[in-house]
Amino acid sequence: MNRSTFLRVATGAVAAAVGVALLAACGGTGTADGAKASATSDAAEASASSDGAEAAPDAAKAAFTATHVGGPTTVLEVGGLRILLDPTFDAPKKYKSGLEKTQAPAVGTDGIGTIDAVLLSHDQHDDNLDDTGRELLRTVPVVLSTPGARKRLGDHVTGMKAWATHELKTSGGTVTVTAVPALHGPDGVDRGADGEVTGFVLSGKGVPTTYISGDNASVKVAKEVGDRVRKEIGPIDTAVLFAGAARTPAILDNAPLTLTSKNAALVAKDLDPRKVVPVHTDSWNIYSEDLTSLVKAFREQGVDGKLVDLAPDGATKDLS
């Protein structure tokens, strides 16, 4: 590396470090993360070959983290992108649908930082998209969901049929989002438009293949997704499982509409991901099982070592 390149890299790294410290003192998060990323990028450049050639972006070195806001709402940082799952940011309240939010989000929309894309499993139910979440959608450049969600929410939403793909470009490459089947209720039941829901898979060069179940209640459907993903994309690195065994007396005689704790553990055992990110077990009155029962079920199936401790506290956890 020549002297000018060394000085430029060193100066940039120092400036980034100072920026992180100042932003931390002021309570900042999003820009501080950007400064950290800049410092990491500069450090990587500094380790390039001694002839001064620029280091190529490497998605494999990008952060891989999860931040649980509450309910299903989670921020994934993967492949250089910040992806938000099922935005729910209302304060505790009751809805006309009969659902009730019982806990405030750990982080509000004013503190969530920059979001590059939203993956919305469905829009029909308040616990997956509440009033504040709907407002947020219009500020995000990419929103991926079901075909029905596009009809109801508008053209800023991309409706995806099962196994359709959408590419998200990053400075380090491409993150491919694949829509995958999900069943919002027991096997063999068709709930029509009210039950239309999708899961997602994230993949790409240097991107940990990540399965996001959405409001899927079926072990069979999750297994079929896993079999196809492993065949066409590769092993599943991480699974984000919506659990909580959501129930309501008005639908299917109180049958579970999302994974029970036992079924989530069975899915984890079959898909065999390196890590499992558990969400959708708190903050709403329709979840009949909590994180404690989930941990117990995973322990009984011998897969508790895969669980990421992801309490809905807004703390960012490293998944790498």
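Asp131 lies in helix H3 (residues 131–137); helices here are DSSP runs of H or I with at least four residues, strands are runs of E with at least two, and both are numbered from the N terminus. The structure is a predicted model, in which local features need pLDDT of at least 70 and side-chain atom pairs count only at pLDDT 80 or more, while totals for chains, interfaces and linings use all residues. Residues are numbered from 1 along each chain as its sequence is written, and side-chain values use heavy atoms, with hydrogens and water left out.

Asp131 counts as partly exposed because its relative accessibility is 35%; buried means under 20% relative accessible area, exposed over 50%, and partly exposed in between (1.4 Å probe, protein chains only). Leaving aside neighbours within four places in sequence, Asp131 is in contact with Asp90, Lys93 and Tyr95, where contact means heavy atoms within 4.5 Å. The C-alpha atoms of Asp131 and Pro87 are separated by 9.4 Å, and these residues are 44 residues apart along the chain.

The protein as a whole has 7 helices and 15 strands. Of its 320 residues, 47% are buried. Among contacts between residues at least 6 apart in sequence, 65% join residues at least 24 apart. The protein exposes about 14300 Å², of which carbon and sulfur atoms supply 53%; accessible areas come from the Shrake-Rupley method with a 1.4 Å probe, and for residues only the protein chains shown count as cover.

In soluble globular proteins, nonpolar side chains tend to be buried together. A nonpolar core is defined here as a set of buried Ala, Val, Leu, Ile, Met, Phe, Trp, Tyr and Cys residues joined through side-chain atoms within 4.5 Å. The largest such core has 27 residues, and Leu119, Leu202 and Ile212 are those with the most contacts inside it. The elements that give two or more residues to this core are strands E2 (73–78), E3 (81–85), E6 (117–119), E7 (142–145), E10 (173–181), E11 (198–203), E13 (238–242) and E14 (275–279). A second, separate core has 24 residues, including Ile236, Ala239, Ala265 and Leu271. Ile212, of the largest core, touches Leu76, Leu85, Leu119, Gly199, Phe200, Leu202, Val240 and Phe242, not counting residues up to four places away in sequence.

Helix H6 (residues 261–271) has Ser261, Ala264, Ala265, Val267, Ala268 and Leu271 as buried residues. Seen down the axis of H6, these residues fall within an arc of 155°, so they line one face of the helix; the arc is that of the directions from the helix axis to the C-beta atoms. An α-helix has 3.6 residues a turn, so residues three or four places apart point the same way. The buried residues of H6 pack against strand E12 (210–212), helix H5 (219–232), E13, E14 and helix H7 (291–300). Ala265, found in helix H6, counts as buried because its relative accessibility is 0%. Apart from neighbours within four places in sequence, Ala265 is in contact with Ala297, Phe298, Gln301 and Val303. H6 is followed by Asp272, whose phi is positive, near 50°.

In H7, the buried residues are Leu294, Ala297 and Phe298. Seen down the axis of H7, they fall within an arc of 100°, so they line one face of the helix. These buried residues pack against E13, H6 and E14. The exposed residues Thr292, Lys296, Arg299 and Glu300 are carried on the face of H7 turned away from its buried side.

Two residues of the loop between E14 and H7 are His280 and Ser283. His280 is not a glycine, yet has a positive phi of about 70°; Ser283, also not a glycine, has a positive phi of about 80°. His280 is buried, with a relative accessible area of 0%, and Ser283 counts as buried at 6% relative accessibility.

Arg228 lies over the face of Trp163, at 4.0 Å from the ring centre; a charge sits over a ring if NZ of Lys or CZ of Arg is within 6 Å of the ring centre and within 35 degrees of the ring normal.
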